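User: Could you walk me through this model before I set anything up with it?

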Amino acid sequence: MNNEDLQLDSLIKQMAVGHQPELPSPGLIWWRAQIVRKQAEKERVERPLAIMRLFAALVCVVVVAALWILQGRAMWSAVNSSGLISLLPLAFGIAGAAAIALALLWRKSARA
């Protein structure tokens with residue numbers, strides 16, 4: 001060890017001896033507790049909404065799957081008889097619904 005290392009070591013030891021840890025003020029502790037309480041209350045209030053969003057998405061998936069299964073033959077016969085042009089309104093509807101869903105998800109993530 002050279003002289004500079006010894007000086008640095010002694011300086012660090014002096015600083016450690018002289019340091020007295022301080023507790024935050026009671027006002028700061030209370031303020032932080034209020035923030036934590038409000039966040040917990042917000043999560044408690046929003047939990048049913050999140051569950052309902054998941055339930056609604058599940059219902060939509062089930063309905064789309066059921067319609068796909070029940071109307072699959074009719075869709076294929078429409079495609080085979082008149083070509084893909086007859087599916088353009090359906091494609092635009094699906095694209096619009098996907099765009100709206102993505103916009104809502106983006107807006108929700110931007111707020112969080």
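Analyst: What follows goes through confidence, fold, salt bridges and surface in turn. This is a predicted model, in which local features need pLDDT of at least 70 and side-chain atom pairs count only at pLDDT 80 or more, while totals for chains, interfaces and linings use all residues. Residues are numbered from 1 along each chain as its sequence is written, and side-chain values use heavy atoms, with hydrogens and water left out.

User: What is the mean pLDDT of the protein?

Analyst: The mean pLDDT of the protein is 83, and 88% of its residues reach 70 or more, where pLDDT is the predictor's confidence in each residue, from 0 to 100.

User: And where is confidence lowest, and where highest?

Analyst: Confidence is lowest in helix α3 (residues 88–111), with a mean of 80, and highest in α2, with a mean of 86. Where pLDDT is low, the predicted coordinates should not be read in detail.

User: OK, how many helices and strands are there?

Analyst: The protein has three helices and zero strands, taken as DSSP runs numbered from the N terminus (helices are H or I, at least four residues; strands are E, at least two).

User: How many residues of α1 are buried?

Analyst: The count is zero among the 16 residues of α1, so this helix is hardly covered, where buried means under 20% relative accessible area, exposed over 50% and partly exposed in between, with a 1.4 Å probe and protein chains only. Across the protein, buried residues make up 3% of the 112 residues.

User: Switching topic, how many salt bridges does a search of the whole structure find?

Analyst: The search finds two, a salt bridge being a side-chain nitrogen of Lys or Arg within 4 Å of a carboxyl oxygen of Asp or Glu. One joins the side chains of K13 and D9 at 3.5 Å, N to O, and another joins those of R37 and E41, at 3.5 Å, N to O.

User: Where does the K13 and D9 pair lie?

Analyst: Both residues lie in helix α1 (residues 3–18), four residues apart, which is about one turn of the helix. K13 counts as exposed, at 53% relative accessibility, whereas D9 is partly exposed at 34%.

User: And how exposed are R37 and E41?

Analyst: R37 counts as partly exposed at 43% relative accessibility, and E41 is partly exposed as well, with a relative accessible area of 40%. They are four residues apart in helix α2 (residues 26–82), so about one helical turn separates them.
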